[in-house]
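Open the model in your viewer and colour it by secondary structure. The stops below say what to select and what is there.

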Amino acid sequence: MKKRGKPIIQVRELWKIYRMGEEEAAALKGVSLDILQGEICCIFGTSGSGKSTLLNLLAGMERPTAGEVRIRGAQVSRMNEEELAVFRQRYMGFIFQSYNLLPSMTAVENTALPLMFRGVPKREREEEAVKMLKRVGLSHRLGYYPGQMSGGQQQRTGIARAFASRPEVIFADEPTGNLDSRTTEDIMEMIIGFARRYRQTIVMVTHDPDMERYADRVIRLVDGVIVRNESTAVCYKEAFSRRKEGQA
């Protein structure tokens with residue numbers, strides 16, 4: 001069993017209530033959880049379960065109604081926009097279902113963006129971008145624009161961009177939702193491979209139960225409440241014990 005780190009994300013009694021006129025709808029209801037450094041964490045749930053809201057709150061894209069989110073000990077839920085922008089640039093990366101590449105930029109330029117925000121000189125950031133694109137198998141698409149690439153190639157570019165600055169935490173929102181099964185497998189192997197190499201934490205929201213096989217931790221939400229929060233190492237250990245008992 002691989003060694004797990006200390007909690008890098010800590011969530012305590014997190015509530016998110018949306019108000020629509022005189023009515024209120026609770027998307028999250030007192031959610032608490034820890035995600036360890038270096039874990040691949042998959043958050044599952046059907047539409048309306050609160051999984052996307054949870055991801056947005058973890059990344060500081062929305063503010064909670066109550067409760068707190070801490071990343072690396074810093075209380076993200078209380079940062080102002082300027083503090084959040086700096087924190088994201090230093091510690092976070094993002095992979096999106098819709099890729100979110102800038103159409104007027106080439107694969108190299110899109111991949112280099114996080115490094116530009118960190119103040120890395122142009123030559124250095126473009127060299128790093130080229131290295132990352134080669135690692136994801138796009139050495140033949142360096143100068144291509146998003147409109148000239150397939151969905152799988154755009155997602156590979158998005159992965160290269162997310163990992164280019166070596167962020168400690170990467171948030172992935174349905175990263176394979178628009179891809180076929182073969183491309184999905186390739187993309188997930190890339191994401192997991194990079195995360196293991198750089199000991200990064202991945203928090204991935206998905207509705208696809210097949211993604212569980214890539215996870216170290218599985219969290220399932222139903223109606224804004226966590227109904228399952230398990231380390232897959234524990235799950236596999238328990239399953240193995242049950243198989244042995246059945247054979248005895």
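Start by selecting Asp180 and Arg182, at the start of helix H6: a side-chain oxygen of Asp180 comes to within 3.2 Å of the backbone nitrogen of Arg182. This is a predicted model, in which local features need pLDDT of at least 70 and side-chain atom pairs count only at pLDDT 80 or more, while totals for chains, interfaces and linings use all residues. Residues are numbered from 1 along each chain as its sequence is written, and side-chain values use heavy atoms, with hydrogens and water left out. Helices (H or I, at least four residues) and strands (E, at least two) are DSSP runs numbered from the N terminus.

**Along H6**

Select residues 181-198. H6 has 18 residues and reaches 26 Å from its first C-alpha to its last, close to the 26 Å expected at 1.5 Å a residue (the expected span is 1.5 Å times one less than the number of residues). Just after H6, Arg199 takes a positive phi of about 50 degrees.

Now show the side chains of the buried residues of H6, among them Ile187, Met188, Ile191 and Phe194 (buried means under 20% relative accessible area, with a 1.4 Å probe and protein chains only). The buried residues of H6 pack against E3, E6, helix H4 (122-135), H5 and E8, where contact means heavy atoms within 4.5 Å.

**The sheet**

Next, display the strands. Six of them form an open sheet in the order E6-E7-E8-E3-E9-E10, with mixed pairing (two strands pair if DSSP finds at least two bridges between them). At the edges are E6 (92-96) and E10 (225-231), each of which pairs on one side only. The twist averages 15 degrees from one strand to the next.

Axes are lines fitted to C-alpha atoms, for helices over the stretch in contact, and angles run from 0 to 180 degrees between N-to-C directions. Helix H5, residues 151-164, also packs on the sheet, touching E6, E7 and E8, and its direction makes about 170 degrees with that of E6.

Zoom in on E9 (residues 217-222) and E10, which run antiparallel and are joined by six bridges. Val222 has Val225 of E10 as its bridge partner.

**Two cysteines**

Finally, select Cys41 and Cys42. Why is there no bond between their sulfurs? The sulfur of Cys41 is 6.9 Å from that of Cys42, its closest cysteine sulfur, too far for a bond. Cys41 is buried, with a relative accessible area of 0%, and Cys42 is buried, with a value of 0%. A search of the whole structure finds zero disulfides (pairs of cysteine sulfur atoms within 2.5 Å).

How values were computed
Buried means under 20% relative accessible area, exposed over 50%, partly exposed in between (1.4 Å probe, protein chains only). A polar contact is a pair of N or O atoms within 3.5 Å; within protein, one must be able to donate a hydrogen and the other to accept it, and residues adjacent in sequence count only if both atoms are side-chain atoms.
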